[in-house]
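Here are some notes for a colleague who is meeting this structure for the first time. Please read them beside the sequence and the model.

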Amino acid sequence: MTPGPVPHPAPGGASFTETVDGRRGAISARGHLTTRAADMVRGTVEVLRRSGHVSVVVDLTGVRRVDDDGLRALHALADGIREGGGRLTLVQPPAPRRHG
């Protein structure tokens, strides 16, 4: 883990990036939150937790679109961390956009 914020693009060229601040245990997300992007965030949260962060913050204010499944995956992640004695805070999760 590097000492300051580091951007991580989603695999496959998806329009999602996360910037990780390993000192604070924080992730800032931007772009389109899909199930794949939520899985990327989950992996980063796990790395932060293994490095000693009991509490992790995921800032979603830069997320412009979100799929139902992506948001559900983050809420399930937060529930699992809480059950394990930790805390995952989701800052300003956007409402899922319905496709119609």
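1. The chain exposes about 5700 Å², of which carbon and sulfur atoms supply 51%; accessible areas come from the Shrake-Rupley method with a 1.4 Å probe, and for residues only the protein chains shown count as cover. Of the 100 residues of the chain, 38% count as buried, that is, under 20% relative accessible area with a 1.4 Å probe, protein chains only.

2. The model is a predicted one, in which local features need pLDDT of at least 70 and side-chain atom pairs count only at pLDDT 80 or more, while totals for chains, interfaces and linings use all residues. Residues are numbered from 1 along each chain as its sequence is written, and side-chain values use heavy atoms, with hydrogens and water left out.

3. The chain has 2 helices and 5 strands, which follow one another from the N terminus as β-β-β-α-β-α-β; helices (H or I, at least four residues) and strands (E, at least two) are DSSP runs, numbered from the N terminus.

4. Helix α1 (residues 35-50) packs with helix α2 (residues 68-83) at an angle of about 20 degrees, and their axes are 8 Å apart. The pair is therefore roughly parallel, a label for angles under 35 degrees.

5. In this contact (heavy atoms within 4.5 Å), Thr35, Ala38, Val41, Arg42, Val45 and Arg49 of α1 meet Asp69, Gly70, Ala73, Leu74, Leu77 and Ile81 of α2. The residues involved divide into 7 nonpolar, 2 polar and 3 charged.

6. Among contacts in the chain between residues at least 6 apart in sequence, 59% join residues at least 24 apart.

Definitions and conventions:
Axes fitted to C-alpha atoms, helices over the stretch in contact; angles between N-to-C directions. Parallel < 35°, antiparallel > 145°, perpendicular 65-115°, else oblique. Nonpolar A, V, L, I, M, F, W, Y, C, P; charged D, E, K, R; others polar. Buried < 20%, exposed > 50% of the residue type's maximum accessible area, 1.4 Å probe, protein only.
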